[in-house]
Amino acid sequence: MLYREAGQYKTSYAADVGVFPLREDRIGLAVVLLIAFVVLPLTANEFMLQAVLIPFLVFSLAAIGLNILTGYTGLVSLGTGAFMGVGAYACYKLSTAFPAINILVWIVLSGFVSCAVGVLFGLPSLRIKGFYLAVATLAAQFFLQWCFVRLPWLYNYNPSGAIEVPSRTLFGIHVTGASATPTTRYYIALIIVIIITWIVSNLVHGRVGRSFMAVRDMDIAAQLIGIRLLRTKLLAFAVSSFITGVAGAMMVFLWLGAAEADAFNINQSFVILFMVIIGGLGSLIGSFLGAALIYIMPIIVRAAPESFGLTIGAATVEHLTYLITGALIIFFLIVEPLGLARLWQIGKQKLRVWPFPY
Amino acid sequence: MKLKTSLLALAATTALTAFAVPAAQAEDSVFVPLFTYRTGPFAGSGIFIADGMHDYLTMLNERDGGIGGVKIAVEECETGYDTKKGLECYEAVKPKNPVMVNPWSTGITLPLIPRAAVDKIPILSMAYGLSASAQGDTFPWIFNPPDTYWDGFSQIIKFIAAQEGGLDKLKGKKIGYIYLDAGYGREPLPFLDQLSKELGFEAKLYPVPAAEMQNQSAQWLNVRRDRPNYIIMYGWGAMQPTAIKEAVKTNYPMDKFISIWWPSEDDARGAGDGAKGFKMLNWHGSTPDFPVIKDVQKYVVDAGKSQSPKEKVGTTLYNRGVYNSMLIAEAIRTAQQVTGKKVVTGEDVRRGLEDLNIDAARLKALGMEGFTGPIKLSCSDHNGHRPTFVQQWDGSKYVKVSDWIEPLSDKVRPLLQADAKAYAEKNAPWPARTEACDARS
């Protein structure tokens, strides 16, 4: 009823192959963007922006990055945390070495450093697959994290061993550092995420994305129809590490403000892998849903007892959060093993035929 | 069916967001958030500290009705020693106007350092965090009394020198340094390098990666090969009991094994009888035999208001928490005196911290006579650089075995100054200090 495609005629091929063929989808997207750009910054308090929305955007972007590799191309990676670290350290080095160039340029360009490192560690992917590739990327994780600790050049020989975000401006407004308001940083993160999502969406719906999926579904068949495996796999590694690198730079520069090497540990890689799996492999909207479920849900669960007027010890709340979050993750995986994105798809299908299911 | 149930679950979880509004803060109290970690890999150290901090502030509320007639609103936020969660805690407590923040993690302290001046919330990182933040001229909002890690390192070196009969006798000795291979453990490295050149001893490094804290056989194999005359440890969490156990296994002479101030009784007890003789730095009592601890026992523990097991009250790290809370309370009290207000703000407490002067008479009034030494902070010195002593494990408790050892201030101070300057340069434009100095005393 609400979600009806009857009467929506396509008059061109371009309209027919559009990413959002339904008018309802386009309206929905516009509403989401309106909420993100206008409603949230106006209504959300500082906690909401700083501790919920900005990290959500960062993790969504990282999840999109990993989804390219794992979801679309079928290459399991456990090195996401480290690739985010490469982006963050690259951005720190570039921005401290050339402070005159705008920080936003460096945030985006640092993705290319991560991209190069990603391609390097992606080389074995031609020979090894599945769990074995996961182990190879695990090696990348440990090696890069070792570099973050052991190469003092990377953190400018700071005695604290951490990278600290300097204050930088854009058109006279602080965009990084302590003086930057959460609203400014939220907008920047939002714009970067939207642009990259748009590019990725075009990429995965085009020839490149199809070759990724062909490799994922059966690489021998893909090879037989003329897809060059090494190039495709390396391209997947490159795109994926570029995006995770940007996400890492955003994490430090727009969210945390300073980071030790430990911020990019193996747990970070796992968290993002879980986001991709629970959100839905091979789905952009799934990356956002997965990030929301894994990152935002514990915050809600943690805040819940206090808002009901219950006073529970901080540690007990933490234990409860682990229990409830874990239980909910398992619950969602049982009702829909293909992830939240699949749940969204089924819901859409039901709405299309409602109220006359057949 | 499946879709319906999952949609219901989704709706239920999102509905909870509507309630997630922080409760309003009562007007006639000062809000002190405590960042604690009773969960996670460092809980073994964190629980004692959390209990000590919490219980002392509760005791002040119960015994004196707060500070200067104003109740202290204490609220714990669980960080799990995780930087991201710590920052979430910071954002959660910020709207409630905290008078200060105690991050209890170097990782959480570092991102908060530039924010403190913007948010007007002072940070008390007690003997951890960024050493250079001792320089109040550069870091007006950060305080790290009573010692920096460089002070601590120089005190251990001085203690070793006293065993050998003077600093000049260190020439040709081998001193091992086993440390957590993270910012904290690496901080003393340039200082160690400088000292080894000046004093002529040979430094042997044994880094322990954070992921390998509980597996140190490789490092101790090297110790067995190198046979250093002394070993200094900078560890935390599970690294410490593991190192002590490995030292016992390696038959390393325990009285030559000296740690910075973070091990607890349990860390040494776990290694059994062999751990006897293990030494560590400290600056306060590690028994319950002080009036202040007796009061905590009377008003809080016996009244069932503490989460701490009774036998742990008065142990080293519990008392560390008590000491930290004493600094919080005294800073608030000083702020009340300086401003004449009863309900103080973060800006007032920053002045209170700079004017902090806990002399022997005040310690006696606090019930801390003999518990710790006096401490005085100033606008330029946010640390105090207090002397510490060495205590030794006798198999059941730590016993004080040395006099108070002053740090090698003439060597530490230039390092701090240079480091603070470098920090300000690297983080340019670093705001210059605009906060006026009271200079009350």
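**Two chains, asked term by term**

Colleague: I258(B) stands opposite K279(B) in β9(B). What makes β8 and β9 of chain B a pair?

Modeller: Two strands pair if DSSP finds at least two bridges between them. Strand β8(B), residues 257-259, is joined to β9(B), residues 279-282, by 2 bridges, and the two run parallel. The model is predicted, so local features need pLDDT of at least 70 and side-chain atom pairs pLDDT 80 or more, while totals for chains, interfaces and linings use all residues. Residues count from 1 along each chain as its sequence is written, and chains are lettered from A and ligands numbered from 1 in the order in which they are written.

Colleague: Which strands are the edges of the open sheet of 7 strands in chain B?

Modeller: The order is β6-β5-β7-β8-β9-β12-β13, with mixed pairing. The edges are β6 (202-208) and β13 (398-400) of chain B, since each pairs on one side only. Neighbouring strands are turned by 30° against each other on average, direction ignored.

Colleague: Which helices lie across strands of chain B?

Modeller: Helix α5(B), residues 149-164, lies across β5, β7, β8, β9 and β12 of chain B and runs at about 130° to β9(B). Helix α8(B), residues 217-226, lies across β5, β6 and β7 of chain B, at about 165° to β6(B). Such angles run from 0 to 180 degrees between N-to-C directions, with axes fitted to C-alpha atoms, for helices over the stretch in contact.

Colleague: Why are α7 and α10 of chain A called roughly antiparallel?

Modeller: Angles over 145 degrees count as roughly antiparallel, under 35 as roughly parallel, 65 to 115 as roughly perpendicular and the rest as oblique. The axes of α7(A), residues 182-205, and α10(A), residues 229-256, cross at roughly 175° and come within 11 Å. The two helices are therefore roughly antiparallel.

Colleague: Which residues of α7(A) and α10(A) make that contact?

Modeller: Contact is defined by C-beta atoms, placed from the backbone, lying within 7 Å of each other. From α7(A) come R185(A), I188(A), A189(A), I192(A), I196(A) and L203(A), and from α10(A) come V239(A), I243(A), V246(A), M250(A) and L254(A). By class there are 10 nonpolar, no polar and 1 charged residues. Ala, Val, Leu, Ile, Met, Phe, Trp, Tyr, Cys and Pro count as nonpolar, Asp, Glu, Lys and Arg as charged, and the others, Gly among them, as polar.

Colleague: How many residues does each chain give to the contact between A and B?

Modeller: Chain A gives 47 residues and chain B gives 47 residues. On the side of chain A, α3, α12, α13 and α14 each supply at least two, and α13(A) gives the most, with 8. That side has 24 nonpolar, 15 polar and 8 charged residues.

Colleague: Is Y81(B) buried or exposed?

Modeller: A residue is buried if 20 or more other C-beta atoms, placed from the backbone, lie within 10 Å of its own, exposed if 12 or fewer, and partly exposed in between. Y81(B) has 25, so it is buried. Phi of Y81(B) is near 60°, a positive value in a residue other than glycine, and Y81(B) lies in the loop between β2 and α3 of chain B.

Colleague: And R227(B), buried or exposed?

Modeller: R227(B) has 11 other C-beta atoms within 10 Å and is therefore exposed. R227(B) too is not a glycine, and has a positive phi of about 50°. Its place is the loop between α8 and β7 of chain B.

Colleague: Why does L356(B) count as buried?

Modeller: Because L356(B) has 22 C-beta neighbours inside 10 Å. L356(B) lies in the loop between α13 and β10 of chain B and touches E330(B), A331(B), T334(B), K376(B) and L377(B), not counting residues up to four places away in sequence.

Colleague: What makes chain B as compact as a globular protein of its length?

Modeller: The globule rule is 2.2 Å times the number of residues to the power 0.38, and the radius of gyration is taken over C-alpha atoms. For 441 residues the rule gives 22 Å, and chain B has 22 Å, so chain B is as compact as a globular protein of that length. Of those 441 residues, 55% count as buried.

Methods: Helix = DSSP H or I, 4+ residues; strand = E, 2+ residues; numbered from the N terminus. Contact = placed C-beta atoms within 7 Å.
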